[in-house]
Amino acid sequence: MDFELMFCPYCGGDIDSTDESRYLCLSCGKYIYTDRESLHHFIRPGELVDSFKDALAALDDDNLSKAQTIADDILTASNETDFDAFFLRGAVYARQGEDGKAFNDWKSGLELLTAYTNIDAYICLMSRCISEMIYGKEEEFVDFLPVKYIDKVCDEIHLDTNESCKAFFYYNVYLDYRKILGRKDKNSDEGFNEVVPKLFRRVVAYHRNLWCLTRVIEEYLASIGYDPETYEDDDLEDAHVYDLLAQCLRKYTKDMTVEEMRSVMEKWDDDRLKENEERLAALMPHRTDGIVGKLLSRKSADSEPVDLETGVENYVRHLLLLDVPEGCSEEPEVLE
């Protein structure tokens with residue numbers, strides 16, 4: 001996955017990009033890997049390197065029993081204290097389609113972690129495995145709720161590490177899944193593609209770097225062939241909302257300083273941004289059971305209906321903390 005970072009997606013700190021294989025955050029010390037599809041980043045130096053490489057090679061060869069045996073042996077030898085072996089076995093379970101067992105092992109691995117400078121390696125591994133698992137379940141017509149599952153994984157990451165990674169995690173899955181569709185020649189298959197907008201909705205809802213979000217939205221609109229002149233005929237009304245969001249974000253952030261953007265990032269985390277799921281849903285025309293009709297089209301004796309552009313502007317101003325009442329704390333409101 002080729003991408004360029006302005007600053008650390010985890011803390012907003014400055015990054016060192018002298019190493020082509022990974023960025024280094026100069027503030028929190030995290031590594032952010034440029035190859036987002038690799039499963040090897042989490043392997044620690046030491047005597048078990050070859051064992052982990054053998055297991056991942058077996059995974060690539062679809063020899064799942066060998067990969068699981070290696071992981072089981074490492075866990076047994078370590079008295080189930082080797083967190084990397086839990087992540088490895090979770091990857092095997094994900095390849096088997098055992099989403100529950102995969103989650104339980106990843107949860108065990110996260111609970112054993114004590115340092116988070118390499119958390120991005122585990123995010124690369126889990127997001128890659130989940131994207132493949134989504135495709136496998138779609139191919140076999142297995143009932144699966146990918147958004148609910150990814151939310152559960154990301155909530156566990158935040159609980160165990162206090163790292164807010166949901167937008168980055170979803171972005172990884174979104175891109176990995178689209179690459180799988182391309183390799184499998186499924187880009188035109190409507191059934192498989194129904195997952196894509198659901199993943200992207202979460203990317204938008206949980207994004208904390210709003211400069212970056214503008215570019216991410218523009219890339220998404222280009223990838224789906226969005227045309228502002230024909231979006232209604234093309235049945236891309238949701239994409240039109242994203243277009244308005246990108247325009248509004250650009251308007252409000254173009255003159256922001258790095259310090260101001262970092263201040264916004266610091267005020268939001270994955271827990272506080274949960275309220276954004278409903279705020280964003282309220283703007284979407286295809287949310288027939290949502291509050292778009294109530295919020296954006298509601299008429300009363302005392303007020304005019306709120307149009308979409310005004311709704312988008314209110315949403316963006318809320319994200320940028322521009323409507324904090326005078327004399328109040330700048331902490332964003334958290335819905336109970």
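Colleague: Where does D235 lie?

Modeller: D235 lies in the loop between helix 10 and helix 11. Helix 10 covers 210-223 and helix 11 covers 237-253. Please keep in mind that this is a predicted model.

Colleague: What is the phi of D235 near?

Modeller: Here is the general idea to begin with. Most residues other than glycine have a negative phi. In this structure, the phi of D235 is near 60°, a positive value in a residue that is not glycine.

Colleague: Which other residue has a positive phi of about 60° although it is not a glycine?

Modeller: F141 has a positive phi of about 60°. F141 sits in the loop between helix 5 (119-139) and helix 6.

Colleague: Is F141 buried or exposed?

Modeller: A residue is called buried under 20% relative accessible area and exposed over 50%, with partly exposed in between. F141 has 75% relative accessibility, so F141 counts as exposed.

Colleague: Now the whole chain. How many helices and strands does the protein chain have?

Modeller: The protein chain has 15 helices and three strands. Buried residues make up 50% of its 336 residues. The accessible surface of the chain comes to about 16,700 Å², and 45% of that surface belongs to carbon and sulfur atoms.

Colleague: What share of contacts between residues at least 6 apart in sequence join residues at least 24 apart?

Modeller: Among those contacts in the protein chain, 63% join residues at least 24 apart. You can follow one such idea on L322, which lies in the segment after helix 15 (308-319). L322 touches Y252 and R317, leaving aside residues up to four places away in sequence. L322 and Y252 are 70 residues apart along the chain, and their C-alpha atoms are separated by 9.7 Å. The relative accessible area of L322 is 38%, so L322 is partly exposed.

Colleague: Let us turn to charges. How many salt bridges does a search of the whole structure find?

Modeller: The search finds 26 salt bridges. To read one, look for a side-chain nitrogen of Lys or Arg within 4 Å of a carboxyl oxygen of Asp or Glu. The side chains of R202 and D151, for instance, meet at 2.7 Å, N to O. This pair links distant parts of the chain, with R202 in helix 9 (residues 195-205) and D151 in helix 6, 51 residues apart.

Colleague: Are R202 and D151 buried or exposed?

Modeller: R202 counts as buried because its relative accessibility is 14%. D151 also counts as buried, at 11% relative accessibility.

Colleague: Which side chain meets R202 in a salt bridge of 3.4 Å, N to O?

Modeller: That is E277. E277 lies in helix 13 (residues 275-281) and R202 in helix 9, so the pair ties together parts that are 75 residues apart in sequence. E277 is partly exposed, with a relative accessible area of 25%.

Colleague: Which residues are linked in a network of salt bridges?

Modeller: The network links D151, D155, K166, R202, K274 and E277.

Colleague: Which buried residue has no salt bridge?

Modeller: One to look at is E156, in helix 6 (residues 146-161). E156 is buried, and the nearest side chain of opposite charge, K107, is 4.1 Å away. Apart from residues up to four places away in sequence, E156 touches F103, K107, L110 and E111.

Colleague: Could we finish with one more pair? Which side chain meets R272 in a salt bridge?

Modeller: R272 pairs with D269 at 3.8 Å, N to O. R272 is partly exposed, with a relative accessible area of 24%, whereas D269 counts as buried at 18% relative accessibility.

Conventions
Residues are numbered from 1 along each chain as its sequence is written. This is a predicted model: local features need pLDDT of at least 70, side-chain atom pairs count only at pLDDT 80 or more; totals for chains, interfaces and linings use all residues. Side-chain values use heavy atoms; hydrogens and water are left out. Helices (H or I, at least four residues) and strands (E, at least two) are DSSP runs, numbered from the N terminus. Buried means under 20% relative accessible area, exposed over 50%, partly exposed in between (1.4 Å probe, protein chains only). Contact means heavy atoms within 4.5 Å. Lys and Arg count as positive and Asp and Glu as negative; His and the chain ends are not counted. Accessible areas come from the Shrake-Rupley method with a 1.4 Å probe; for residues, only the protein chains shown count as cover.
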